[in-house]
Amino acid sequence: MSKPVLMDGGGVRAEINIDVDEITLIYQQIESILNEFESTIIPNVEKLKTNDFYSSGKAKQAMDAFPEANEKITEIYNHYARASLLVIDTLTSMMEADRTIALEIIEKLEL
């Protein structure tokens, strides 16, 4: 269900179509990815760090790349976490705008 919303941003008005189902799906997918990172990926990366094969020097080249790979995993997780926050911030801003518009309408109607 898509709803057109008129947004006012610094003197510029633009109509934005908001699809509630799409926003909900995006947020759920991001949360699912974050949960996968938290429950599976990050714990397994931690297990790899303590693996004797890596720490005993048998895989020196692999071990040299490991810190960079860990950093990339953390970076990806941080991007998804940020995206999740942006969805929530956007929804919060939209609710505040709706509230403001509703109050203006009520005032003009003198209710």
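Let's start with contacts, meaning heavy atoms within 4.5 Å. Of the contacts in the chain with a separation of 6 or more, 44% are between residues 24 or more positions apart. Keep in mind that you're looking at a predicted model, where local features need pLDDT of at least 70, side-chain atom pairs count only at pLDDT 80 or more, and totals for chains, interfaces and linings use all residues. Residues are numbered from 1 along each chain as its sequence is written, and side-chain values use heavy atoms, with hydrogens and water left out.

What pattern does the chain follow along the sequence? Reading along, you'd get β-β-α-α-α, made up of 3 helices and 2 strands. Helices (H or I, at least four residues) and strands (E, at least two) are DSSP runs, numbered from the N terminus.

Now for confidence. The pLDDT is the predictor's confidence in each residue, on a scale from 0 to 100. It averages 79 over the chain, and 75% of the residues score at least 70. Among the elements, helix α1 (residues 20-49) has the highest mean pLDDT, 88, while strand β1 (residues 2-9) has the lowest, 56.

Next, the aromatic rings. Rings of Phe, Tyr and Trp (its six-membered ring) pair if their centres lie within 6.5 Å; planes under 30 degrees apart count as stacked, over 60 as edge-to-face and the rest as tilted. The whole structure has 2 aromatic pairs. In one of them, Phe37 and Tyr77 sit 5.8 Å centre to centre with 55° between the planes, a tilted pair. Phe37 belongs to helix α1 and Tyr77 to helix α3, so this pair ties together parts that are 40 residues apart in sequence. Another pair joins Phe37 and Tyr80: the ring centres are 6.5 Å apart and the planes are at 40°, so that pair is tilted too. Because Tyr80 lies in helix α3 and Phe37 in helix α1, the parts tied together here are 43 residues apart in sequence. Put together, Phe37, Tyr77 and Tyr80 form one aromatic cluster.

Phe37 is buried at 6% and Tyr77 is buried at 19%, whereas Tyr80 is partly exposed at 31%. Across the chain, buried residues make up 12% of the 111 residues.

Stay on helix α3, where you'll also find Ser84. With 6% relative accessibility, Ser84 counts as buried. Leaving aside neighbours within four places in sequence, Ser84 is in contact with Tyr27, Ile30, Glu31 and Leu34. Ile76 lies in helix α3 as well, but it's partly exposed, with a relative accessible area of 39%. The C-alpha atoms of Ile76 and Leu34 are separated by 9.7 Å, though these residues are 42 residues apart along the chain.

The chain exposes about 8800 Å², and carbon and sulfur atoms supply 58% of that; accessible areas come from the Shrake-Rupley method with a 1.4 Å probe, and for residues only the protein chains shown count as cover. Ile101, found in helix α3 (residues 60-109), counts as partly exposed at 40% relative accessibility.

Conventions:
Buried < 20%, exposed > 50% of the residue type's maximum accessible area, 1.4 Å probe, protein only.
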